[in-house]
Amino acid sequence: RTITKTFAERTPRILQSVESGAEEFGKTMADTRELVKAIGRAEGTFQKFISDPALYNNLNETTVMLSRLMPRIDRILRDVEVFADKIARHPEALGIGGAIRPSTGLKESPSTPGFQPK
């Protein structure tokens, strides 16, 4: 009797929770149905994404192009690294200042005295 009495007292709240859950599930299913209809439209973006082979071909070509460019980009970045190191060691190479103030080619702080010609 204790168990059935407790259950009987809670029955209205349980039924109310089940009812509100069923209503929310119904709303969710209606929203899902609308979403599926929108996706299934022939003029829709998602439908074109799924069915249009041109989009797949463009993505495939882009991937192939990137795979071909990666070695070139790696070589370019190595060249930029060498260039930056050369400029850091010989900044006078950028302009006529090297004729007036030649560098030792070492990375020095600005407070270090410059190269003294013999």
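Which residues form a nonpolar patch on the surface? In this predicted model, the patch consists of Met65, Leu66, Leu69, Met70, Ile73 and Leu77. Together these residues have about 560 Å² of accessible area.

Leu77 belongs to helix 3, residues 53-89. Is Leu77 buried or exposed? The relative accessible area of Leu77 is 52%, and a residue counts as exposed over 50%, so Leu77 is exposed.

As for length, helix 3 comprises 37 residues, and the distance from its first C-alpha to its last is 53 Å. That is close to the 54 Å expected at 1.5 Å a residue.

I turn now to helix 1, residues 2-40. With 39 residues at 1.5 Å a residue, helix 1 should span 57 Å, and the 55 Å between its end C-alpha atoms agrees with this. Helix 1 also bends, by about 45° at Thr11. A proline follows Thr11 within four residues, namely Pro12.

Finally, the chain as a whole. The protein chain contains four helices and zero strands, and the order of elements from the N terminus is α-α-α-α. How many of its 118 residues, as a percentage, count as buried? The figure is 4%. The chain exposes about 10,800 Å², of which carbon and sulfur atoms supply 62%.

Technical notes: Residues numbered from 1 in each chain as written. Predicted model: local features only at pLDDT ≥ 70, side-chain atom pairs only at ≥ 80, totals over all residues. Heavy atoms only, no water. Helix = DSSP H or I, 4+ residues; strand = E, 2+ residues; numbered from the N terminus. Expected span 1.5 Å × (residues − 1). Bend = angle between axes of the 7 residues up to and from the residue. Buried < 20%, exposed > 50% of the residue type's maximum accessible area, 1.4 Å probe, protein only. Areas by Shrake-Rupley, 256 points an atom, 1.4 Å probe, with all protein chains shown as cover. Patch = residues over 30% accessible without salt bridge, like charges linked within 9 Å, V, L, I, M, F, W, Y side chains within 5 Å. Salt bridge = Lys/Arg side-chain N within 4 Å of Asp/Glu carboxyl O.
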